[in-house]
Amino acid sequence: MINFIPKALRSLNSDGWLLFLTRAARLFAYGSLSVILVFYLVSLGLTESQTGLIFSLTLAGDIVVSLYLTTRADRIGRRRMLIIGAVLMAAAGVAFASTHNFLFLIIAGTIGVISPSGNEVGPFLSIEQASLSHILPGNARTEVFAWYTLAGSVATALGALAGGGLAQALQHSSVSTVGSYRMVVILYAAIGLLLVVIFMRLSKAVEISAQANDPSAKRSFFGVPHSRGVIAKLSSLFALDSFAGGFVVQSFAAYWFYLRFGVKPVTLGAIFFWANVFAGISALLASKLAARIGLVRTMVFTHFPSNVLLILVPLMPTLPLAIAALLARFSISQMDVPARQSYTMAVVPPEERSAAGGITGVARTTGAAISPLLAGFLFARPALISVPFFLAGGLKIIYDILLYYSFRKVRPPEEA
């Protein structure tokens, strides 16, 4: 049986496998919600502009929550912060399922953890990856992160398929449209509670020992006294990348297919199922490519062509061609992700990894929090629904160029 387990994953202990499980469960929930969230909010009576505002404020609230939890996780306890994040995720799901009041939805989205995009939000990613880096040898980190990314992508794909399929099945069973979407939101809340239970089973091995903690970190608000320069540069670039990506979050991309071609939720679930499967498979190639050309080149040389394909999606005249362009884009879009995450963990000291991951993650969330509001206004105008794709692709290409020229000479220890 062990021969079927990839070599890099054989070094994982029980904590490592639990972290893979939480990643899969969480991304399943995010994927299921992302396909129906715009439809759900619109069916509650909100406009596209109001929906975009909720998305932006949801991500803005995530910035504050994630920054607080991640910059203190290495000192106060990684498990404790992960549990708090899971509680906030469950609470947000319950709130979204319980009210149609615009103000209450804003408050719930701002305080809780909700993913409009199907991508990671909250404190989870950076703390989990810091924990994995803590229990892994450096030469296995990128490959394990690639499998970790694949686990999330497959889970997101299954979630998208399940979310769209469940809503469609319930509607065929005489459940109201809004009621069918609400059941998916309730499922999201239930998975948040499941995460609380799993995080409680993590051992002390994922924690930084008291002896390893740097006293200067306690005096630093952001918890990165030794790596603030490199983290500041990475954060600004990651914010630009996410600002661009926020124009085409999965919820809005799904809505674009509906507006342009009249695609129903069950079909959208299938489209984004395969999109996320292809994205996850592409991540596996990242570790092998990084071993040959380095992490920075892997990030840039795979990201650039995926952005060209993103620009091509709205230029396709038929649904099959638009789907083909989207799937081609996803087939290489995630190759930079494990490389980026591994690079961030490699260029900072172990006792600053949660904080570094949290700060760069918050920078990405900050960028992503602004653009959905703008995208909402564009989607409210039929003549402009394709503009978000052009903005996203163009800005991401600028990010690729800046990243390469800023960090091509900054190598992680295993490449030095």
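Gly 358 touches Thr 70 and Ser 126, leaving aside residues up to four places away in sequence. Touching, or contact, means heavy atoms within 4.5 Å. This is a predicted model, in which local features need pLDDT of at least 70 and side-chain atom pairs count only at pLDDT 80 or more, while totals for chains, interfaces and linings use all residues. Residues are numbered from 1 along each chain as its sequence is written, and side-chain values use heavy atoms, with hydrogens and water left out.

Stay with Gly 358 for a moment. Its place is in helix α15, residues 353-379. Helices (H or I, at least four residues) are DSSP runs, numbered from the N terminus. Gly 358 has a relative accessible area of 3%, so it is buried. Buried means under 20% relative accessible area, exposed means over 50%, and partly exposed lies in between (1.4 Å probe, protein chains only). Now look along the chain to Gly 179. Gly 358 and Gly 179 are 179 residues apart in sequence. In space, their C-alpha atoms are 36 Å apart.

Next comes helix α14, residues 336-346. Why is α14 described as largely enclosed by the rest of the structure? Eleven of its eleven residues are buried, and therefore the description holds. Among them are Asp 336, Pro 338, Arg 340 and Tyr 343. Thr 344 also sits in α14. Thr 344 counts as buried because its relative accessibility is 3%. It touches Leu 234, Phe 238, Ala 356 and Thr 360, again not counting residues up to four places away in sequence. Ala 380 is 36 residues from Thr 344 along the chain, and their C-alpha atoms are separated by 38 Å.

Move to helix α11. Ser 282 has its place there. Its relative accessibility is 1%, so Ser 282 counts as buried. Which residues does Ser 282 touch, not counting those up to four places away in sequence? They are Phe 330, Ser 331, Ile 332, Ser 333, Gln 334 and Met 335.

Leu 310 lies in helix α12. At 2% relative accessibility, Leu 310 counts as buried. Beyond residues up to four places away in sequence, Leu 310 touches Val 248, Arg 329, Phe 389, Ala 392, Gly 393 and Lys 396. Ala 328 is 18 residues from Leu 310 in sequence and 9.0 Å away in space, C-alpha to C-alpha.

Other residues are not buried. Ala 60 is found in helix α2, residues 48-76. Its relative accessibility is 30%, so Ala 60 counts as partly exposed. Ala 60 and Ile 111 are 51 residues apart in sequence, and their C-alpha atoms are 9.3 Å apart in space. Ser 174 lies in the loop between α6 and α7. Ser 174 counts as exposed because its relative accessibility is 71%. Most residues other than glycine have a negative phi. In Ser 174, phi is near 75 degrees, a positive value.

Now see how two helices meet. Two packed helices are described by the angle between their axes and the distance between the axes. The axes of α1 (residues 14-43) and α6 come within 6 Å and cross at roughly 35 degrees. Axes are lines fitted to C-alpha atoms, for helices over the stretch in contact, and angles run from 0 to 180 degrees between N-to-C directions. The contact of α1 with α6 has 16 nonpolar, eight polar and two charged residues. Here Ala, Val, Leu, Ile, Met, Phe, Trp, Tyr, Cys and Pro count as nonpolar, Asp, Glu, Lys and Arg as charged, and the others, Gly among them, as polar.

Finally, turn to the pockets. A pocket is an open set of points on a 1 Å grid over the protein atoms alone, where a 1.4 Å probe fits, with protein on both sides within 12 Å along at least five of seven lines; lining residues have an atom within 4 Å of a point. Grid points are joined across faces, edges and corners, and a volume is the space filled by probe spheres set on the points.

About 230 Å³ of space lies in the largest pocket. Ten residues line the largest pocket, and the closest to its centre are Asn 139, Thr 142, Ser 287, Ala 291 and Glu 414. Helix α11 gives the most to this lining, with three residues. By class, the lining has three nonpolar, four polar and three charged residues.

The second largest pocket has a volume of about 200 Å³. Its lining includes Ile 293, Tyr 404 and Glu 415. Helix α12 supplies the largest share of that lining, three residues. Five nonpolar, one polar and five charged residues make up the lining of the second largest pocket.

Notes
Helices (H or I, at least four residues) and strands (E, at least two) are DSSP runs, numbered from the N terminus.
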